[in-house]
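Subject: Structure handover

Hello,

Here is the structure I said I would pass on. Please open it and keep it beside this message while you read the notes below.

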Amino acid sequence: MQSPGRDRTDAAAAVRDRILVGDCIELMGTLPAGSIDMVFADPPYNLQLGGNLTRPNNSKVDGVDDAWDKFDDLAAYDRFTTDWLAAARETLSDNGSLWVIGSYHNIFRVGAILQDLGFWLLNDVIWRKTNPMPNFRGRRFTNAHETLLWCAKSKEARYTFHYDAMKALNDDLQMRSDWLLPICNGGERIKDDTGHKAHPTQKPEALLHRVLLASTKVGDVVLDPFFGSGTTGAVAKQLGRHFIGLEREPGYAEIAEKRIANVRRIDETSLLETPSKREAPRVPFGWLVERGLLRTGEVLYGPQKRWSAKVRADGTIVSSDNRGSIHKIGAEVQGAPACNGWTFWHFQVDGKLVPIDVLRQKVRAELN
């Protein structure tokens with residue numbers, strides 16, 4: 001007899017990498033509870049546009065005036081937001097996370113409802129556009145950013161965050177919460193048969209690449225309840241993730257399906273994985289001594305050779321009369337409360353100082 005857990009797994013697998021057409025709230029109700037690793041949502045912004053907007057040359061601005069972005073009043077929008085967020089929360093695994101993007105028109109209302117439903121806010125990320133649409137009327141600041149809210153299902157959730165991958169993506173600097181990226185344009189912008197935008201709010205793949213790389217693992221299932229032209233699915237396929245797309249407009253679903261069919265999936269998993277230093281095998285300093293990578297009596301140096309210590313046979317080091325771990329002695333010689341000895345201590349190679357962490361990485365490579 002098959003277990004209920006197995007039934008849920010099978011049901012989730014049946015809709016992976018598919019686009020389901022219909023009302024997103026109803027469709028989310030058919031998905032197994034806890035079957036989704038991450039939700040990315042680009043809901044209607046309720047822009048409340050009044051009349052046509054024109055450029056100085058009187059040409060019409062191609063804004064968002066579709067029926068799906070219109071609500072009778074703010075109360076109606078709040079009810080809709082509460083309903084879809086509650087449904088999305090039900091689909092998330094206990095350690096899942098949710099991203100939602102919006103503008104000043106809706107993001108503050110969305111944020112309050114997120115908290116009311118028990119989500120735990122992790123970051124608000126500002127997507128600053130390198131090429132925003134100008135403010136043609138000259139009555140306000142140019143609206144040059146959108147806001148993404150990233151939250152865990154609960155305060156206790158062990159959500160995924162690839163800190164080291166984000167740092168590597170940012171030229172070895174900590175990734176900040178303000179992202180400078182262009183809007184979707186040029187060859188990436190999908191056009192219909194008449195040459196017009198196929199979808200008015202198509203998001204750039206660069207934005208989804210960063211979101212998915214940061215907060216999902218290879219093989220995870222990503223749900224997008226407002227699938228549109230399929231950017232989430234296209235990037236998920238590129239990065240070895242699974243997607244489930246929900247879209248109420250059959251025309252958009254057809255566009256997304258064609259788009260994703262042309263995306264090449266990378267089969268070499270090692271190119272997609274983003275291992276964390278915290279997940280790497282633990283390598284005690286003494287292993288370097290055992291393997292002969294450092295010799296007993298060899299001298300280690302702090303930065304600019306301001307400090308020195310000798311390696312002992314038991315994997316401790318000694319500086320003056322102080323003996324202990326590389327971390328303890330590194331802290332003591334500096335008079336600091338703590339120290340990462342792997343990056344503080346160096347050994348000498350051809351007259352140059354090299355961090356002992358290089359040797360740790362060598363041992364880790366052997367373990368893998």
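Strand S4 (residues 120-129) pairs with S5 in the antiparallel sense, over eight bridges. Here strands are DSSP runs of E with at least two residues, helices are runs of H or I with at least four residues, and both are numbered from the N terminus. Two strands count as paired if DSSP finds at least two bridges between them. Within this pair, Asn123 stands opposite Trp150 in S5.

This is a predicted model, in which local features need pLDDT of at least 70 and side-chain atom pairs count only at pLDDT 80 or more, while totals for chains, interfaces and linings use all residues. Residues are numbered from 1 along each chain as its sequence is written, and side-chain values use heavy atoms, with hydrogens and water left out.

The sheet

S4 and S5 belong to an open sheet of eight strands, ordered S1-S8-S7-S2-S3-S5-S4-S6, with mixed pairing. At the edges stand strand S1 (18-21) and strand S6 (178-181); each has a single partner strand, so one side of each is left without a neighbour in the sheet. On average, neighbouring strands are turned by 20 degrees against each other, direction ignored. Axes are lines fitted to C-alpha atoms, for helices over the stretch in contact, and angles run from 0 to 180 degrees between N-to-C directions.

Two helices pack on the sheet. Helix H7 (residues 231-238) touches S2, S7 and S8, and its direction makes about 170 degrees with that of S8. Helix H8 (residues 250-261) touches S1 and S8, at about 175 degrees to the direction of S1. Contact means heavy atoms within 4.5 Å.

The cores

A nonpolar core is a set of buried Ala, Val, Leu, Ile, Met, Phe, Trp, Tyr and Cys residues joined through side-chain atoms within 4.5 Å. Buried means under 20% relative accessible area, with a 1.4 Å probe and protein chains only; exposed is over 50%, and partly exposed lies in between.

The largest core has 30 residues, of which Trp84, Leu98, Leu114 and Ile244 touch the most other members. Among the elements giving two or more residues to this core are helix H3 (74-91) and strand S3 (92-102). H3 gives the most, with six residues. Leu98 touches residues including Val39, Leu114 and Trp150, not counting those up to four places away in sequence. A second, separate core of 28 residues includes Phe40, Leu47, Val211 and Ala234.

Ile36 counts as buried because its relative accessibility is 0%.

Regards
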